[in-house]
2 protein chains.
Amino acid sequence: MNRPKEFDREGAVAVLMDEIWEHGFEACSVNSMSDKLGITRSSFYNAFGSKEKLFAEILEIYSQSGPGNEMFEITQSRSVLSSITEKLYEICKGQEEDKACRGCLAASSIQELVKKNEELEPVLKEFFYQNIQYFEKIIGIAIQRGELEDCDVRIKALSLQNMMIGLSEMSKIFRNKGELWSICKHSLKALALYGEFE
Amino acid sequence: MNRPKEFDREGAVAVLMDEIWEHGFEACSVNSMSDKLGITRSSFYNAFGSKEKLFAEILEIYSQSGPGNEMFEITQSRSVLSSITEKLYEICKGQEEDKACRGCLAASSIQELVKKNEELEPVLKEFFYQNIQYFEKIIGIAIQRGELEDCDVRIKALSLQNMMIGLSEMSKIFRNKGELWSICKHSLKALALYGEFE
DNA sequence: TTAATATTATACAGCGCTGTACAAAATGAT
DNA sequence: ATCATTTTGTACAGCGCTGTATAATATTAA
């Protein structure tokens, strides 16, 4: 009934996520992204609506696949703190090995979007609000299970988020092998959120 | 012997620091900055050489006046941890009150410069390296004075830096009154770097 | 007054980007 | 085969930005 798309939309979104992750939201023009995909700007606007709508879509995917909800794999049998610690270990290793120094997509976008993009600022904030809600939830579970002393759950969650955003940026500057994980490990222990794993 | 400048260079640098701090390095074009000062681009290039040289100059001033060396006022009579804590309290309060959500100039510039600006990347890194050196120094003093248990000074310094960079970005997202300081206080206590003040 | 010097003004030629508007092409249902 | 629909191609008109080059201007020492 209609002319079919000549490109794979899902694959395109993945490509553009990498582009924006690496070069940043502002540096990625509609022009350059269209070129990257080998399509025209017409097709871009037709498929994604706008750069903003595309980014919102990408952030949604990022929050499902990367960090975000169900970031830590919490199970009945496994220690919450170990789950947190292992995931952060993986993140540290990943960032140390990332030659492009991309850090966390959401954290890196704060500077470019807050107070600079009316449409995307609330989208990005919502991402972090949900993240914190999730952190609060699992920290609550850790307390219930007796893995963690009773404490202000929100402040603990925010402190963890704070540390993780810090890591994202630190990973771009301090590139000594193993150092990022040392910082993370020390900070987790300090926050009483460290658990041995494996 | 020569035609005098028709503008105050020192004042101009201060104005441009505010511009870049608020809008970011990339968003500030030579055009817009020249307009802001009411001078032509010729005069801009003549006075500052390039955007990059200007930024390096600004960062130098920032490191002397804002954070950076001698950030914490360490004296013989005063507790090192109290000095750290008080300074961070001031930073938190300042960021909470900052309507423009500017955060830390250096931290905010990481995303825009690392892997994106060959000339400024090393300048920005040097800023953080010096910062860490300074942190190591004062943490060493704290240990000497018995204010802090013996520990890996570098990791402690990096963890502090990590937390501070986190705060810079968190301050743009989480704007509840007093929350930033709560995070900071909790994290400082966790790192054993908290000291009462006043 | 003149010459030397530095600042400021004007202009150039080119680049990439924006969003839209309209035409062309490709498909499937009727 | 035609029609409706959607995607894709081409073009428009305008904007801001870049760095340099050359000319005009203002100052002061000689």
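## How chains A and B meet, and what lies within them

In this predicted model, two salt bridges are counted between chain A and chain B. The elements that give two or more residues to the side of chain A that touches chain B are helix 1 (9–23), helix 6 (105–113), helix 7 (120–144), helix 8 (153–173) and helix 9 (179–190) of chain A. Of these, helix 8 of chain A gives the most, with 15 residues on the side that touches chain B. Sorted by class, that side of chain A has 19 nonpolar, twelve polar and eleven charged residues.

The contact as a whole takes 42 residues from chain A and 42 residues from chain B. Between them, the two chains bury about 3600 Å², and 66% of this area is on carbon and sulfur atoms. Three residues, Q111(A), N162(A) and I173(A), supply 19% of the area that chain A buries against chain B, which is more than any other three residues supply. Polar contacts are found here as well, with a count of 14 residue pairs between chain A and chain B, both residues of each pair being at pLDDT 80 or more.

One salt bridge that crosses from chain to chain can be followed in detail: R154(A) pairs with E179(B), and their closest N and O atoms are 2.6 Å apart. R154(A) and E179(B) also belong, together with E136(A), to a network linked by salt bridges.

The search can then be widened from the contact to the whole structure, where 19 salt bridges are found over all chains. In chain A, the side chains of R102(A) and D98(A) meet in a salt bridge with an N to O distance of 3.0 Å. D98(A) counts as buried because its relative accessibility is 15%, and the cut-off for that class is under 20%.

In chain B, R9(B) forms a salt bridge with E57(B), the closest N and O atoms being 2.7 Å apart. This pair links distant parts of the chain, since R9(B) is in helix 1 of chain B and E57(B) is in helix 4 of chain B, 48 residues apart. R9(B) counts as partly exposed at 27% relative accessibility, and E57(B) is likewise partly exposed, with a relative accessible area of 27%. Another salt bridge of chain B joins R145(B) to E147(B), with the closest N and O atoms 4.0 Å apart. R145(B) is partly exposed, with a relative accessible area of 33%, and E147(B) counts as partly exposed at 25%.

Helix 1 of chain B, which holds R9(B), can now be looked at as an element of its own. This helix covers residues 9–23, has 15 residues, and reaches 21 Å from its first C-alpha to its last, close to the 21 Å expected at 1.5 Å a residue. Which residues of helix 1 of chain B are buried? They are A12(B), V13(B), L16(B), M17(B), E19(B), I20(B) and W21(B). What covers these buried residues includes helix 2 (30–37), helix 3 (41–48), helix 4 (51–65) and helix 6 (105–113) of chain B. After helix 1 of chain B comes G24(B), whose phi is positive, near 95°.

A positive phi is also found in residues other than glycine. In chain A, K115(A) has a phi near 65° and lies in the loop between helix 6 and helix 7 of chain A. With a relative accessible area of 48%, K115(A) is partly exposed. In chain B, K115(B) has a positive phi of about 65° although it is not a glycine, and K115(B) is found in the loop between helix 6 and helix 7 (120–144) of chain B. K115(B) is partly exposed, with a relative accessible area of 48%.

The last stop is M33(A), a residue in helix 2 (residues 30–37) of chain A. Is M33(A) buried or exposed? M33(A) counts as buried, because its relative accessibility is 0%. Leaving aside neighbours within four places in sequence, M33(A) is in contact with L16(A), I20(A), C28(A), F44(A), K51(A) and L54(A). M33(A) and A12(A) are 21 residues apart in sequence, and their C-alpha atoms are 9.6 Å apart in space.

Note on methods
Residues are numbered from 1 along each chain as its sequence is written. Chains are lettered from A and ligands numbered from 1 in the order in which they are written. This is a predicted model: local features need pLDDT of at least 70, side-chain atom pairs count only at pLDDT 80 or more; totals for chains, interfaces and linings use all residues. Side-chain values use heavy atoms; hydrogens and water are left out. Contact means heavy atoms within 4.5 Å. Buried area is the accessible area (1.4 Å probe) that two parts lose on being put together, summed over both. A polar contact is a pair of N or O atoms within 3.5 Å; within protein, one must be able to donate a hydrogen and the other to accept it, and residues adjacent in sequence count only if both atoms are side-chain atoms. Helices (H or I, at least four residues) and strands (E, at least two) are DSSP runs, numbered from the N terminus. Ala, Val, Leu, Ile, Met, Phe, Trp, Tyr, Cys and Pro count as nonpolar, Asp, Glu, Lys and Arg as charged, and the others, Gly among them, as polar. The expected span of a helix is 1.5 Å times one less than its number of residues. Buried means under 20% relative accessible area, exposed over 50%, partly exposed in between (1.4 Å probe, protein chains only).
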